[in-house]
Amino acid sequence: MALPQVGAPAPVFTLHDQDGVEHSLTDYRGKWLLIYFYPRDNTAGCATEASGMRDEFQHFEKIGATVLGVSTDSVKSHKKFADAYRLPFTLLSDERKEMVNAYGVWSEKKFMGRVYLGTVRTSFLVNPEGTIVKIYEKVKPKIHAGEVIADLQHLVK
């Protein structure tokens, strides 16, 4: 499946978070929203990216932006990951792969000669009207949070 385009409405979703609470796209209408997709809880790159979001979280709050992390891991796995890294933002569990497919980030990947399907690390910045305004592909976990904040500072006036 292809990625949605900048300028298109963000695909709708309804998923549970690390505490079992249901979240839908409509819950975030009127707010800036960063939806970041990551491959797996408790892996080095994903922990680095989540920690970066955590460390910059006050900047997201100051700008008025919400952060949602999404992976195909279970609610229970997300709870352990969020607790271990003291994550102050929501992690959504997409075990049925509905959201990763809707956003076009479930794709063929290669690692050490092995080909498999998995989540491609990609993020979507959604404006308060629910429109995708930026897509981040080939995300670098160490710098991603700062990159998004810099973009938000230019977009939010």
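Two strands count as paired if DSSP finds at least two bridges between them. In this predicted model, strands E8 (residues 122-126) and E9 pair in the antiparallel sense over 4 bridges. One of the residues involved is Leu 125, whose bridge partner in E9 is Lys 134. The briefing covers the sheet, the helices on it, the nonpolar cores and the aromatic pairs.

**Sheet**
- The sheet is open and has 7 strands, in the order E2-E1-E5-E4-E3-E8-E9. Its pairing is mixed.
- Strand E2 (22-24) and strand E9 (132-136) are the edge strands. Each has a single partner strand, so one side of each is left without a neighbour in the sheet.
- From one strand to the next, the twist averages 30°.

**Helices across the strands**
- Helix H1 (residues 44-55) lies across strand E3 (32-37), strand E4 (65-71) and E8. H1 runs at about 160° to E3.
- Helix H3 (residues 75-84) lies across strand E1 (14-17), E4 and strand E5 (90-93). H3 runs at about 160° to E5.

**Nonpolar cores**
- The largest nonpolar core has 25 residues. Those with the most contacts inside it are Tyr 36, Met 53, Phe 60, Phe 89, Leu 91 and Leu 152.
- At least two residues of this core come from each of E3, H1, helix H2 (57-63), E4, H3 and helix H5 (144-155).
- Beyond its neighbours within four places in sequence, Phe 89 is in contact with Gln 18, Tyr 36, Ala 50, Met 53, Arg 54, Phe 57, Val 67 and Gly 69.

**Aromatic pairs**
- The whole structure holds 8 aromatic pairs.
- Phe 37 and Tyr 103 have ring centres 5.3 Å apart and planes at 45°, so the pair is tilted. Phe 37 lies in strand E3, and Tyr 103 in the loop between helix H4 (98-102) and strand E6 (106-111), so the pair ties together parts 66 residues apart in sequence.
- Phe 37 is buried, with a relative accessible area of 0%. Tyr 103 is also buried, at 0%.
- Tyr 103 and Phe 124 have ring centres 5.0 Å apart and planes at 65°. That angle is over 60 degrees, so the pair counts as edge-to-face.
- Phe 124 lies in strand E8, so its pair with the loop residue Tyr 103 ties together parts 21 residues apart in sequence. Phe 124 is buried, at 0% relative accessibility.
- One aromatic cluster is formed by Tyr 36, Tyr 38, Phe 57, Phe 81, Tyr 85 and Phe 89.

Technical notes
Residues numbered from 1 in each chain as written. Predicted model: local features only at pLDDT ≥ 70, side-chain atom pairs only at ≥ 80, totals over all residues. Heavy atoms only, no water. Axes fitted to C-alpha atoms, helices over the stretch in contact; angles between N-to-C directions. Contact = heavy atoms within 4.5 Å. Core = buried A, V, L, I, M, F, W, Y, C linked by side-chain atoms within 4.5 Å. Buried < 20%, exposed > 50% of the residue type's maximum accessible area, 1.4 Å probe, protein only. Phe/Tyr/Trp six-rings, centres within 6.5 Å; stacked < 30°, edge-to-face > 60°.
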